[in-house]
Amino acid sequence: MSGDVSASGDRSVAAGGDIGWVHTGDRVTVLPAEALGPLVCPPGLVSVPRKAAHFVGRGEEGDLLDREAETVVICGLGGVGKSSLAARWALRQAAHRNPVWWITAESRADVDAGLAALAVAMQPALIDVLPQEALRERALQWLSAHDGWLLVLDNVTDPGDVADLLARAGRGRVVVTSRTTDAWYGIGRVLTLPVLPAAEAVELFTRVATHTGPRDTTGAERLCETLGQLPLAVEIAAAYCGRTATPPLAYLAELGRSGGPGDAEEAVARTLRVTLNRLSATVPYASGILRMVGWFAPDRIPAMLLPPFPGTREALGELAAHSMITLHEDGSVSVHRLVQAIARRPPPGGEREWPGVTERARRLAQTAFGHAAPLDSVEPAHWETWRVLVPHVEAYLRHTDPAEDNDALLPVLGAAGAYLSLNMRYEEAADVYERTLAGCERLFGADDPATLGLRGALAETLASAGRADEAIEAAAELVRSMTDVLGPDDTNTLKARCCLATAHVKAGLIHRAVSLQESVLVDMARVLGAKDRETLLACSELAGIYRAADRIHDALALGAHAAAVMSVVFGEEDLDTLITRINLTGLYAGAGATDRARADYAELLAVCVRLLGDDHPYTVHVRDALDAQGPDGAAQGSQ
């Protein structure tokens, strides 16, 4: 079936022929001409986050990074400055390496997203065109064929998440940061980063505290020692002392009242408590906003997720001035992971002194998703918004208990699953759908229409992920449930049976899919009528399955029947009619009937332009398909 592309699902568009387009579910994606050629890296491509404006020491570690030719893994405590060292060194490489690219690598999904972003940065025309899986592969192919580049993989938690990338990395340089010190044998040179020496810790404190003017730094040595000379803790304390003109000894006394000595995380927690306690008196939103952003991903939290309160900007400014967050030019916010982890913890005194503070922050994060996320995630106008939001949705899910998902969050999660599926991120989509489904079953019941619909989406996603047995089992169980709840002749039950056929198609079980779809089509005609919209759409679906089974004559006959009846019953300008005709024309093109396909595409193009506009995906698809047929008389074997 070379050159054929088939599609299934409501409002799918199938096309045949090598016309340079990709189809996933309900999405038609047209590839610009440059997308069909190799990636080309523009000069000076650098993406490294701002880290540690006041950087001190680490000379020996920087020299080792300069000397080492293989992968280096920078390990150490949270807050010790691993990312700051990597960022500072990476920026120095930009003069003689290209690209210099930073990837947040806390999970395999993060790594894939970072590689996809690299491909888009090299070729901006690909944004929201190719699915993430294809973009990732293009980036890996480019890296394996070139040298002179640098990748920084930040905060790797499991070496297995970067194993494929490292195996195919080729001749560039890779620097990894990780709290994990073991499991790197045979992968790279481990560089364990200690806390700062006493003199350098004092130097860091002094630089931060005095950067806006002279300050009393008496006792800085004792304060830094109390903080374990951990750079993050030292910087937060110094920012507070500089901002409020608090001498180190006075801060040390306040620190003593907030708790005794502890580990590195506790040192940061104590400095945060001192700063937030003071800020609460003058900037009431500061503590709540910091606790809220703790539920999101650490990098580039977009402004659309921040509270729309009058005091938000002031609170963010104060948090940035106290080195607890980083503000970016586009209004987004970044937060150190250790600061986030502490912000998600209940404060000292727990519910007695701060009733519900952590829960309120989490609910505020839920509300932010509800306000920011467009629920129609398959609409092209919303893809960029979802590209930005998905990392934060996934971070929220990692940090929270599924039992806490409420009825306002569940539609957002369902839309996130749809976006992930459209981008061929099927495993992630399945995880999100499974959690959404659990919430719907808990809140609405197993037989609620929303719950049943999600089970159908999950079944198709599992099939697309290559989990054929699970997909078919899920779809079969859905059919059984709908049959029991709604009856065998209910429209939704019949559509669930179409879903079961689709699961078999995506699992590669084409002949079984043919049998299932033929059976449901007979029942649809009996129950709904031969001219019902759902019946005719099922006909079009079966035509696509016939094509996959190499039954091209049956496919053409059934596709032509569906298109002809829909044109009469619903009119030429009905969207379902239009899609069915595009599907049919694709079948003609795939069968080699080039003249017929060219004529039909030309007619369809005029209809698409009139109904949908020049830039609609269907319009662009038809125009591209028409161009692929060549000029009149150019093709052989046409009819």
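## Glutamine 340 and its surroundings

Apart from neighbours within four places in sequence, glutamine 340 is in contact (heavy atoms within 4.5 Å) with Val293, Gly294, Phe296, Ala297, Pro298, Ile301 and Val335. Glutamine 340 belongs to helix H13, residues 337-343, where helices (H or I, at least four residues) and strands (E, at least two) are DSSP runs numbered from the N terminus. With a relative accessible area of 3%, glutamine 340 is buried; buried means under 20% relative accessible area, exposed over 50%, and partly exposed in between, with a 1.4 Å probe and protein chains only.

This is a predicted model, in which local features need pLDDT of at least 70 and side-chain atom pairs count only at pLDDT 80 or more, while totals for chains, interfaces and linings use all residues. Residues are numbered from 1 along each chain as its sequence is written, and side-chain values use heavy atoms, with hydrogens and water left out.

## Leucine 232

Leucine 232 is placed in helix H8, residues 231-244, and is buried at a relative accessible area of 10%. When its neighbours within four places in sequence are left aside, leucine 232 is in contact with Gly79, Val268, His336, Leu338 and Val339. For valine 339, which lies 107 residues from leucine 232 along the chain, the C-alpha atoms of the two residues are separated by 9.1 Å.

## Aromatic pairs

A search of the whole structure gives 5 aromatic pairs, where rings of Phe, Tyr and Trp (its six-membered ring) pair if their centres lie within 6.5 Å, and planes under 30 degrees apart count as stacked, over 60 as edge-to-face and the rest as tilted. In one of these, phenylalanine 369 and tyrosine 396 have ring centres 5.7 Å apart and planes at 80 degrees, so the pair is edge-to-face. This pair links distant parts of the chain, since phenylalanine 369 is in helix H15 (residues 357-372) and tyrosine 396 in helix H16 (residues 383-399), 27 residues apart. Phenylalanine 369 is buried, with a relative accessible area of 1%, and tyrosine 396 is buried with a relative accessible area of 1%.

The rings of tryptophan 386 and tyrosine 419 have centres 6.4 Å apart and planes at 25 degrees, so this pair is stacked. Here too distant parts of the chain are linked, with tryptophan 386 in helix H16 and tyrosine 419 in helix H17 (residues 409-422), 33 residues apart. Tryptophan 386 is buried at a relative accessible area of 0%, and tyrosine 419 is buried at 3%. Phe296, Phe369 and Tyr396 form one aromatic cluster, and Phe296 is also among the contacts of glutamine 340.

## Strand S7

Strand S7 (residues 100-104) is largely enclosed by the rest of the structure, because 4 of its 5 residues are buried. Strands S5 (residues 46-47) and S7 run parallel and are joined by 2 bridges, two strands being paired if DSSP finds at least two bridges between them. Serine 47 has tryptophan 101 of S7 as its bridge partner. S7 is also joined to strand S8 (residues 147-154) by 5 bridges, again running parallel, and threonine 104 stands opposite aspartate 154 in S8.

## Helix H26

The 19 residues of helix H26 (residues 594-612) should span 27 Å at 1.5 Å a residue, and its end C-alpha atoms are 25 Å apart, which agrees; the expected span is 1.5 Å times one less than the number of residues. Its buried residues are Thr594, Ala597, Arg598, Asp600, Tyr601, Leu604, Leu605, Val607 and Cys608. Glycine 613 follows H26 and has a positive phi, near 100 degrees.
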